[in-house]
Structure formats: C-alpha cells, structure tokens
Amino acid sequence: MTENTGALVCGGGPAGMMLGLLLARAGIAVTVLEKHGDFLRDFRGDTVHPATVRLMDELGLGEGFRALPQSRLGNVAFPAPDGTLVTLGDFTRLPPPYNYIAMVPQWDLLDFLADAARREPTFTLRMNTEVTGLIREGDRVAGVAYRTKDGREGRIRAELTVACDGRGSTLRREAGLVPKEFPVPFDVWWFRLPKLPGDDNTPAGIVPRARGTGAVLALSREDYYQLAYLTAKGADARIRAEGVERFRERIARIRPDFTDRLDQLTDMDQVFMLDVKLNRLNRWYRDGLLLIGDAAHAMSPVGGVGINLAIQDAVAAATLLADPLRHRRVSVSDLAAVQRRRMRPTKIVQAAQRVLQRVVFEGQFTGRRSGPPKAVLFLGRWFPGLRKYPARFVGFGPRPEHAPAFARRP
Ligand SMILES: Cc1cc2nc3c(=O)[nH]c(=O)nc-3n(C[C@H](O)[C@H](O)[C@H](O)COP(=O)(O)OP(=O)(O)OC[C@H]3O[C@@H](n4cnc5c(N)ncnc54)[C@H](O)[C@@H]3O)c2cc1C
C-alpha cells in the first residue's frame, strides 16, 4: 500500500525535528520517519548555541527550552604551557540573553522538539521506521520506501522528500550524490565515567587537557561524565589492539584526577569511536528531494557547531519551501534556493574549522606542539576585548536564521 503526505522528512535528528515542527506550523502535512525507537542513544553532542536559543524564543519555546536539564558554557579556554588557562572565546561578552552555549543532552532537545511538533495537527512522527530507498517517477523523487522494526514494509509518496538522515545518509547514496571530503587530523573516542560523591557539578571540565599526542574533553552530566579522547586519525585499530588497560593509562596521563574511577572502564566495547568527517555536497538536491544538515555537510567537532548548522538549514528550508508546499508545487529552483542560502555559511564555517584544525590540532596530534600556537595564546591573554569575536562567530555563525512569521508564537 502506498500512503501520501505533503512533506516527508527522513531522519529525526536536530534538522529533521526542527523542519517537521516548522512545516507543521505552516499547516503542511508533514511526516517524519526515524529509524530508532527513541532519541536516547549514543552520545551525539550537547551544544546548543545562542542562535538556536534565540530561535527557541522566537518560536515561543524559550521557557520550556530553559527548563530542560542544562548547564551554561560561558567561554572556551585552553591551557597554556605554564598551566594557566587562556580564554580564547568569551560568550559572556555578547549581548544578553544570548550570551552562553546551552549544554543540553541531545535526546532532551529532540524530545522537546517532538512534543512541540505533536501539538500541531498536521504533524506525524513515526519512530522505528527506517527509510530504505527512494520512489522515483521518471526523473523525479516522489517519496520513499521504508521498513519498520517489526519487519513491515511500505511506501509513502510526497510532494517533497527531505533527507535529514545524517552523515551516513541512505538517501544521499540512493540519489547518487557523493560529498567532497576534506582532510581531518584527528578522531574522537567517546566513553563514560561515573561521578563520585563530592564531584563538582559544573561543566568546567569542557576545557581540553592535552599531553603528548592526545587530549581529553570532559562534559558533566547529572550522574556521569561524558569523555572524549582525541588523537591522530586512523589510530582506532591500534588503540583497540593495545587493550583497555593501555587506554586507561592514556587517559590517566592526561587526566590524573579521573584515576579513581578508570577501573569502571573494563572493555574497549565501552569506547565508541567517532570517525570525524568534514565534507559537503556540491549539490544538495534532486527534483523532489532536498538534503540538509549532516546529510549535506558533516562538520568537524571543532566549535561544536553541527547541531546548530543543521537547525539553521531546517529553518531556511521551511522558510523558503512552505509556500511552494502549500501550493503542492516544489520546483528544482525552490530547492536550489535553499542550497544557495545555506551553502555560503557552511563553506565559511568549514573553512574556519579547517584552519583551526591545522593551526591548533594538527601540531598537537602529531606531537609537534602542545596546545594552540603561542601567538594565539598571546592574543587571548592580553587582548580580552578580542574574545567576543570568536564567540560571536561560533555562537551565531555567518548567517543566523530567524523563525519565519508563520512559525512564531508569543
Ligand atoms: C559522537 C558525536 C558527538 C558530537 N558532538 C557534537 C557537539 O557537541 N555539538 C554539535 O553541535 N554537534 C556535535 N556532533 C554533530 C551533531 O550531532 C550533528 O552535526 C547533528 O546532529 C546533525 O544533525 P542532523 O539532524 O543533520 O543529523 P543526525 O543528528 O545525524 O540525525 C540523523 C537522524 O536520522 C536517523 N536516520 C539515519 N538513517 C535513517 C534512515 N535510513 N531512516 C530513518 N532515519 C534514519 C538517525 O537515527 C538520526 O536520528 C556530534 C556528533 C557525534 C556523532
């Protein structure tokens, strides 16, 4: 049986849930398909930047958003060789109330967006539904084929299909689109360690600690730490072959303060490797199909901007496509307009990430240098007035989007 909808959003990550919410607020029949049964899965990043917090206010969701479990990050600092901390980006210098990064577990953010979207009568979210392929009518994409967790298969036709299925996008592959890859000097190994009575509950540990060719970041959660170990790309097989004891030693060398709980790490299966990617498509659409978020451009973790760019893409897509969708006539040039709007900010942010990767991270992970170059630390230390510029760039990006009028609520 083939079902029908107006807009079909494949993937319920930040891009998909925001797009679903906005299109539903435009009165468009929108169906979001998500392959998982809930949003509570592997660590996916926490950082919600000022541009997105402002968007929540514009959508009338600010109060609810601020009630989610979260901590606030006011600045980004790096340890200097003498052990002191040097602040390189200071969000507190931006005009309030958008002067911090909210650290919100991604599953709470997605649940929150899903709840807001469910209040709209034209919104449908189908969990446990994996998109498996595209339906084509001539050269046009006319919907998708899917399979549910219990093995049921089906097809949904739509005026527009939007691939929000992330960096490993099935729909991108099905559409024959291949992203251009840029070099990345490091990978990330994520794992958890428990909190112990008396631990400080602030996210102060966001300051990266580096030693030798590795670095560790610690994010504070209610009852555990989410840790990231960073080292040169391509080391996963070696790290796993060396075993968990050696991995514990690597962490202890950089974060001796965690030695008291490292015995909780008993198996390398507890350590999840993120193959860091930085890529983008040259073309974000086919007739009837648009790709946004990580499906169109995977971002390096530098600056933690992936969630926010995905959300900004969704806002631009909803703003530009709501009208064509209402008239059930979405043309290729409508889709090209979304790419035109979002390509430039994507390119600028990725270019900045590539520079930072080279200047700050490459030397660290090849053992040539520890921490940022001296000149950067000098500027950060002696010219505090400059710290607001990186904060503004990271927090708002080159083209922050605003909620379209049809989606705004008091
Ligand atoms: C370990 C890790 C840590 C990160 N840390 C940060 C951070 O701190 N800050 C930050 O801003 N960014 C971070 N990122 C990046 C950030 O998570 C992504 O940039 C952002 O989530 C992209 O949003 P998206 O909606 O485009 O894609 P995703 O968040 O990847 O969402 C894609 C969704 O599609 C679903 N899906 C996939 N295939 C199918 C299919 N065939 N059918 C149906 N559903 C499907 C997935 O289950 C998923 O829910 C991190 C990423 C990872 C992996």
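Guide: Helices and strands here are DSSP runs numbered from the N terminus, with at least four residues of H or I for a helix and at least two of E for a strand. By that count, the protein chain has eleven helices and 20 strands. This is a predicted model, in which local features need pLDDT of at least 70 and side-chain atom pairs count only at pLDDT 80 or more, while totals for chains, interfaces and linings use all residues. Residues are numbered from 1 along each chain as its sequence is written, and side-chain values use heavy atoms, without hydrogens and water.

Let's settle on helix α1, which runs over residues 14–25. Its twelve residues reach 17 Å from the first C-alpha to the last, close to the expected 16 Å (1.5 Å times one less than the number of residues). How much of α1 is buried? Twelve of its twelve residues are, where buried means under 20% relative accessible area, exposed over 50% and partly exposed in between, with a 1.4 Å probe and protein chains only. Among these buried residues are P14 and A15, as well as M17, M18, L19 and R25. Just after α1 comes G27, with a positive phi of about 85 degrees.

Now to the surroundings. Across the protein chain, buried residues make up 55% of the 410 residues. The C-alpha atoms fill a box of roughly 65 × 45 × 40 Å along the principal axes.

N128 has a phi of about 55 degrees and sits in the loop between β8 (123–126) and β9 (129–137). With a relative accessible area of 27%, N128 is partly exposed. R328 has a phi near 50 degrees and lies in the loop between α8 (306–326) and α9 (332–365). R328 counts as partly exposed because its relative accessibility is 48%.

The peptide bond from P96 to P97 is cis, with omega near 5 degrees.

Finally, visit R209 in strand β14 (residues 209–211). R209 is partly exposed at 32% relative accessibility. Leaving aside residues up to four places away in sequence, R209 touches P79, G214, A215, V216, I254 and R255, a contact being heavy atoms within 4.5 Å. From R209 to I239 there are 30 residues in sequence and 19 Å in space, C-alpha to C-alpha.
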